[in-house]
Amino acid sequence: MRHQRIERVYVGCLACAVIAAPVGCRSESSRSMGSTTVHVGGAPAAGDVDLPPDDGQWTRPAKDFASTRFSGLTEINTTNVKDLRAVATFSTGVLRGHEAAPIVVGGTMYLVTPFPNVVYALDLTKPGLPVKWSFNPKPELASQGVACCDVVNRGLVYDAGKLFFNTLDDHTIALDAATGHQVWNTKVGDINLGETMTMAPLVVKGKVLIGDSGGEMGVRGWLKALDEHSGKVAWTAYHTGPDKDVLIGPGFKPFYARDRGVDLGVSSWPPDMWKIGGGTTWGWISYDPGLDLVFYGTANPGPWNPEVRPGDNKWTSTIFARKPETGEAVWAYQLSPHDVHDYDGVNEQILVDLPIGGQTRKVLIRPERNGYIYVMDRTNGEVLSAQPYGFINSTMGVDLRTGALEYNPAKAPKVGSVVREICPAAPGMKDWQPSAYSPKTGLLYIPHQNLCMDEEGVSANYIAGTPYVGMNVKIYPGPGGNRGEYEAWNPQTGKQVWAIKEDLPVWSGTMVTAGDVAFYGTMDGWFKAVDARTGAPLWQFKTGSGIIGQPVTYKGPDGHQYVAVLSGIGGWSGAIVAGGLDARDSSAGGGFVNATRDLPQKTNKGGMLYVFGL
Amino acid sequence: MSGSRNAWTRTHELSAWRETALLLVPLAVLLLGTGSTLSLRAGAPAVQPALRVCADPNNLPFSNRAGQGFENRIAELIGRDLGRRVEYTWWAQRRGFVRNTLGAGACDLVVGTAAGMEMLATTRPYYKSTYVFVSRHDRHLEIRSLDDARLRHLRIGVQLIGDDFANTPPAHALANRGMSKNLVGFTVYGDYRTANPPARIVDAVAKGDVDIAVVWGPLAGYFARREGVPLDVVPVAPRVDLPYLPFVFDIAMGVRRGDSVVRAQLDELIARRRPSIDSLLDAYGVPRVGANAPTEP
C-alpha cells in the first residue's frame, strides 16, 4: 500500500508538471507547483483529487501544454451554473466561421477573427469590455480563394509579453500584447502555391511552432519553428520526402516495424508524387516538458484518388514526436497508412499519466478522425488501446501488435463505382474540434459527428480551364439519425460513460472545470453546460449564431469566474450558411451540404463574443 | 474584385441587359467596337450596363488580365453583339471561384466551364474538346491509346487536383492500368506567381523532363505551338474509358442558377455566332471533336 501511495504521488507530480505552467506566468506557476501535492491520473471519479491551483488565465487555446482544456476554477459549479447569465458581448464584425478560442492574460482578453484575421484586445477591468487596441494584418483577399473549407482561424497564443497568430495568407505575426504593435511578421508560405494557414501556434522553449493548410491544393505539408524573439525560421520539418527533409536522423525510433526504414517519405510513394503529397499541419500541438517532446499529427495524403498513390504515403496521417529545439523526430506512428477516406490526422493529443495494466503509463490520448480513440505510450509511440467511439465500418480495427489499421476493402472508394454507407464520413468521427480532459473525473469530453457518406457516380468539374472528374460525395446522418454527439469517455477502461445525442454535428470545442461542469456549443447556437460526471444538462443559452468556437473560462479582475465563447457559424460543416452554398447542390462543400441542408433555417451568420458570469 | 451588389440591383441590371439587347442587336453590326458611345444614340438608355465577366487573370489560353485569351475574345464578341462593354472580376479559377465571383454577385458570366456543372446554370455547349497526348515530335512516339504498351516504359506527365475528391481522367485511367509508378504529377494549380501556371506540364514535355503528357486539349494545343521544339498533339483514345471515365468534355458558358433569361439569350447567341466562335477557337489551336471539329486539328 505504502509503495502504491508513493507511486501515485509521483505520478501526480508529473501530470502536474505537464498540465500546469501557463506560459504567461512562468515564475508564478512554478512557485505554486513546487508546494503542491497532486494526485492526478488516479482512478476516475475518485473525487478526492487535489489539483494544482489555477492561475485563472487561459493563455493558449488548449489551456495547457498537455491540451487538457481543463480549468481548476470552482466558483461556477454544478449547483450554481443554472444562474449563469450573459455579462458582456462583442461583435467581431466578421461573418465567417469562428473556430478560435478567446484567450485571457491578466486583465485582458484577446481574440483573432476568421479572415481578415483582425486581433482585438478587450479590457476586462472595465464594464462592457471596451477595445484596448485592435490590429488588422490586411491579408491578401485572394487567400480566401485558396482556403478549402471556410476562412477560419483556430486562435492566437500568448507568451512572454507577446501574442502570436497566423494569417490565412501565410504570415505568422508577433504583437506586443500591451500595445498591439507588430513586433515581427514572417511570411512562411505562399497562397500562390495553394498554402494557407488556419491553425493556432504553440510556443515552446522560445520557438513558435506553426503548420500549413492546403491539402486540397496539392501542397506539401510542414511544421516550422520560428524564433520567438526574431521570427526567423529555426527549422522546418516536411511531412513527405527524404529523411533529411522530415528531420529524421539517428535518434528516430518508431515503435512499429512499418514505420522503420530509410527515406520512407519517398519510397512509400510513386516517383516524385511526395512533392505534392499533402500531410499538412492544420490542427493541434501538445508538449511534454518532462520528456521535452512536442506531439502533433499530419493531414491525409493527396491526390485524393488513392489508386494514383500506391504505398503507405508517409508521413501523412501520422503522429510525430519531436524535439522542439531542433525539430528532430524521435518517433512517429502512421495512424492511417494510405488513407482513402480523407481522414486527416491533425486532431489534438491530450497528455496524461494513467494507470494501465498495473503500471503508470505516460500516455497520449487521441480521439482520431478515423473513429478510434488511441491511447498511446507517449515515450515511444506504442498503441496501448484503440477503441471506436462511434459507429465505424470503413475499417475493422487496429492491430496492437503491428499498429496496423485494418481497412475494410468493401468501403474503399473507386471512381466509376458506387460505395454506400461509408462510416465515418470524410469529416471523420471528429474533425478539428478539440476535446477536453478532467483530471478530477478522469474522463475525456469529446464533441463529434455521427455521419456516414455515399460515394457514387462521376461528376465533371472544372478548375483552371481543365475539366476533371470526381466522386459525388453525399454525407448524411449515421446510425440513430443524430448528426452529432457529445460524449464522456473513460480512457482507462476504453468505454463510453455517457453521451448526449445532438441533432447537428457538434463542431465546437469543449472545456471542463474543477467545478465539474463541461461546456460546449451547437451549430444552431445553443451554448450548453452539463454535469461532467453524469452528462445531465444544467444550463443553456441561445447565442446569435451557430457555435463552432472553443469555450474558455477565467478569473476576471474582480476575482470572479467567467466563461467565454465565440459564436459565429461556418467552418466545413457550416459553410452552407457562412459561404452561402446552394442547398440544392448535394455535393457542394465536399458533400457536407447534403447533411446540413436545414442549417440556414436554424441559424444565421455573424461573429460575436459572449461572456457569461454568475 | 468589385463589391457585390444587392439582389435588386442585380435583377434590375439583368433585365436592363435583356431589354437593351433586344433593342440594339440590329445596330450592333453598325456600331461594332463603339459600345461606349451607344448611349448617345436615340432611344438607347442613358448608361449601358457592362457585361460583367468572371475570369482568371492568369491562365492562357483561356483568359488573362491583358485580354489575350480566347475566353477574353469570346467575351468581347458577346459584348459587341449585345452592345455592352466588358468588365471583369478577376479570380483564380479554382475551388471557390464560382462562389466568390458569380455567386457573390460580383459578375454575371463565366465564359468557359464544364457543361452541366451543378453550381451554376450552363448554356448549350459551344465546343467539345478532348484530352490529348503531347510528346516531342523528334521522339516519334505517335501514341494514340491509353492501352499502348509502350506507355509502361515511359514517364508520363499528368495533372493532379490535390486532395479534393476528384482528379483528371488520365490520372485515374493510368493508375487503373497499374501505371502509377510511371506518372509524374503536376498540380493543375501550379505556382500562381508564374505566367499561366497550368502550362508547366507542356514545358516539361518540350524540355524532356517527361516522355509524354496527357493534357486537356485547349491548353496543349495552344502551348504546343509556342515551345521551342515541335510537339505532337494527339487526341486520347478511347474517348470514354470504361466503365465511365470521359476524356472528352463539352464546354459551355455559365450564369447564376435562376438566370434563365440570360441563359436563353446566350444560347441564342451561341447558335447564331457559331462561325465566329469556331474561328476564334481555331486561331488558338483548340483541338475539338464532334460536329464542330476543325478539319485540321
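Guide: Here is a walk through the sheets, then the chain contact and the cores.

This is a predicted model, in which local features need pLDDT of at least 70, side-chain atom pairs count only at pLDDT 80 or more, and totals for chains, interfaces and linings use all residues. Residues are numbered from 1 along each chain as its sequence is written, while chains are lettered from A and ligands numbered from 1 in the order in which they are written.

Start in chain A. Five strands make an open sheet there, in the order S1-S32-S33-S34-S35, with mixed pairing. (Strands are DSSP runs of E, at least two residues, and helices are runs of H or I, at least four; both are numbered from the N terminus. Two strands pair if DSSP finds at least two bridges between them.) The edges belong to S1 (70-71) and S35 of chain A; each has a single partner strand, so one side of each is left without a neighbour in the sheet.

S1(A) runs parallel to strand S32 (residues 510-513) of chain A, and two bridges join them. A:Phe70 has A:Val512 in S32(A) as its bridge partner.

Strand S34 (residues 526-531) and strand S35 (residues 537-542) of chain A run antiparallel, joined by five bridges. A:Trp526 is bridged to A:Lys542 in S35(A). This hairpin has five residues between its strands, and A:Gly535 takes a positive phi near 80° in the hairpin.

Chain A also has an open sheet of four strands, ordered S11-S12-S13-S14, and its pairing is antiparallel. Here S11 (202-204) and S14 (233-238) of chain A are the edge strands; each has a single partner strand, so one side of each lacks a neighbour in the sheet. Neighbouring strands of this sheet are turned by 25° against each other on average, direction ignored. (Axes are lines fitted to C-alpha atoms, for helices over the stretch in contact; angles run from 0 to 180 degrees between N-to-C directions.) S11(A) and strand S12 (residues 207-211) of chain A run antiparallel, with three bridges. A:Val204 has A:Lys207 in S12(A) as its bridge partner.

Pairing also crosses between chains. Strand S29 (residues 466-477) of chain A pairs with S9(B) in the antiparallel sense, over two bridges. There A:Val469 is bridged to B:Asn167 in S9(B).

What surrounds that pairing? The contact takes 56 residues from chain B and 49 residues from chain A. (Two residues are in contact if their C-beta atoms, placed from the backbone, lie within 7 Å.) On the side of chain B that touches chain A, elements giving two or more residues include strand S9 (166-167), helix H4 (169-176) and strand S10 (183-187). H4(B) gives the largest share of that side, five residues.

A:Val469 turns up again in a core of 95 residues, whose members also include B:Val188, B:Ile201 and B:Met253. (A nonpolar core is a set of buried Ala, Val, Leu, Ile, Met, Phe, Trp, Tyr and Cys residues joined through C-beta atoms within 7 Å; buried means that 20 or more other C-beta atoms lie within 10 Å of a residue's own.) The largest nonpolar core has 160 residues, and A:Tyr110 and A:Leu156 touch the most other members. Among the contacts of A:Tyr110 are A:Ile103, A:Val119, A:Leu156 and A:Leu163.

Methods: A residue is buried if 20 or more other C-beta atoms lie within 10 Å of its own, exposed if 12 or fewer, and partly exposed in between; C-beta atoms are placed from the backbone. Lists of a residue's contacts leave out its neighbours within four places in sequence.
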